[in-house]
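The stops below are given in the order in which to select them.

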Amino acid sequence: MKDENVDRPQAMKIRKDIQEAMTFSLPNKKFCEKEIDLVEIDIGLDNLGWNFQNFRILNLTDIHLGQWINPQYLNDLVDYVNTLNVDMITLTGDYVSYVIDGYEISLEESFSKLKAKYGKFGVLGNHDHWMNPDKIREIFKNSEIVDLSNDVYTLEKDGDFLNICGVDSSTVCADNLDNVLAKMREDTPSILLAHEPDFAKESSKTRKFDLQISGHSHGGQFIIPKFETTPFRGPDSRRYPVGLYKVRGMTQYTSKGLGTNSFRIRINCKPEITIITLKTNKKQKIEIK
């Protein structure tokens with residue numbers, strides 16, 4: 001684990017200049033519901049209590065505010081999200097790219113508007129650490145988003161429980177899975193938020209998590225038609241770059257995310273909002289009189 005001296009890409013200044021050049025030279029992208037891939041999937045969890053049956057979790061990831069997504073786009077997207085009637089919202093990192101100054105207010109205003117009955121939970125991504133993790137955590141706090149970086153929050157619903165866990169970015173070695181495991185309620189279905197999908201290799205070894213939700217890859221920003229995968233796989237997203245996987249019995253889901261990194265282009269790879277509906281694998285007892 002290493003959090004104080006975060007390793008930043010050597011080309012950070014160049015990438016910052018590229019982002020600023022694109023911001024001023026390319027037209028603003030406008031939010032359009034039809035251009036979003038609203039992915040809805042059912043995930044079965046062992047031992048999930050019946051009171052969490054059909055519990056809906058909406059995940060947002062890789063906003064990269066200031067590149068593909070501008071403040072007005074994000075504001076309109078949040079308005080759309082609030083119409084989707086979900087129980088909980090999760091955020092899995094990379095809210096900014098190479099520039100944070102000038103975007104803090106917009107990010108906080110949009111995050112503050114997000115509404116979900118059982119709360120909002122998030123972790124940080126590598127770009128958030130490269131820019132200013134303290135500022136992102138402050139935005140979380142002001143927006144009433146529970147920071148789950150190496151932490152656990154246990155939801156209770158009419159006597160049933162669900163662990164919502166999170167690890168900080170493994171790209172910058174800020175993850176501390178041992179701290180998460182020490183805080184988890186035992187014998188409770190558990191969901192892990194982890195920015196990097198390939199962290200599933202480590203989390204699945206514990207046999208403590210039913211589901212990991214990630215982003216980071218942007219789906220490679222190019223999906224091969226018919227194969228529904230991508231040839232463009234970066235660090236920490238080579239194994240599980242896009243979509244649904246089974247890893248040692250744990251379900252791993254990798255979202256295509258919302259924004260882009262370095263280049264404002266997506267080919268057969270729409271920005272994604274994910275809604276995961278939890279289903280219990282328990283057998284329902286039927287009383288026979």
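## A salt-bridge network

Select Asp37, Lys256 and Glu272, which are linked in a network of salt bridges. A salt bridge here is a side-chain nitrogen of Lys or Arg within 4 Å of a carboxyl oxygen of Asp or Glu. This is a predicted model, in which local features need pLDDT of at least 70 and side-chain atom pairs count only at pLDDT 80 or more, while totals for chains, interfaces and linings use all residues. Residues are numbered from 1 along each chain as its sequence is written, and side-chain values use heavy atoms, with hydrogens and water left out.

Because lysine 256 lies in the loop between β11 (250-254) and β12 (272-280) and glutamate 272 lies in strand β12, the pair ties together parts that are 16 residues apart in sequence. Helices (H or I, at least four residues) and strands (E, at least two) are DSSP runs, numbered from the N terminus.

Are these two residues buried or exposed? Lysine 256 has a relative accessible area of 9% and is therefore buried; glutamate 272, at 0%, also counts as buried. The classes are buried under 20% relative accessible area, exposed over 50%, and partly exposed in between (1.4 Å probe, protein chains only).

## Along helix α5

By the rule given above, the count of salt bridges comes to 11. Side chains of opposite charge can pair when their charged atoms come close.

Next select lysine 135 and glutamate 138, whose closest N and O atoms are 3.6 Å apart in a salt bridge. Both residues lie in helix α5, three residues apart, about one turn of the helix. Lysine 135 is partly exposed because its relative accessibility is 24%, and glutamate 138 is partly exposed at 41%.

Arginine 137 has a relative accessible area of 22%, so it is partly exposed; aspartate 147 is partly exposed at 26%.

Now move to phenylalanine 140, also found in helix α5 (residues 133-142). Phenylalanine 140 is buried because its relative accessible area is 0%. What does phenylalanine 140 contact, leaving aside its neighbours within four places in sequence? The list is Tyr95, Phe111, Gly122, Val123, Leu124, Ile145 and Asp147. Contact means heavy atoms within 4.5 Å. Draw a C-alpha to C-alpha distance from phenylalanine 140 to phenylalanine 121: they are 8.8 Å apart in space and 19 residues apart in sequence.

Select threonine 90 in strand β3 (residues 88-92). Its relative accessibility is 1%, so threonine 90 counts as buried. Not counting residues up to four places away in sequence, threonine 90 touches Ile57, Leu58, Asn59, Leu60, Phe121 and Leu193.

Go on to isoleucine 69, in the loop between β2 and α2 (71-81). Isoleucine 69 counts as buried because its relative accessibility is 0%. With residues up to four places away in sequence left out, isoleucine 69 touches Ile63, His64, Leu74, Leu258 and Gly259. Isoleucine 69 and lysine 29 are 6.7 Å apart, C-alpha to C-alpha, across 40 residues of sequence.

## Positive phi

Most residues other than glycine have a negative phi. Select asparagine 54, which is not a glycine but has a positive phi of about 70 degrees. Asparagine 54 is in the loop between β1 (37-45) and β2 (56-60), and is partly exposed at 38% relative accessibility.

Aspartate 158 also has a positive phi, near 50 degrees. Find aspartate 158 in the loop between β6 (151-157) and β7 (160-167). Aspartate 158 is exposed, because its relative accessible area is 64%.
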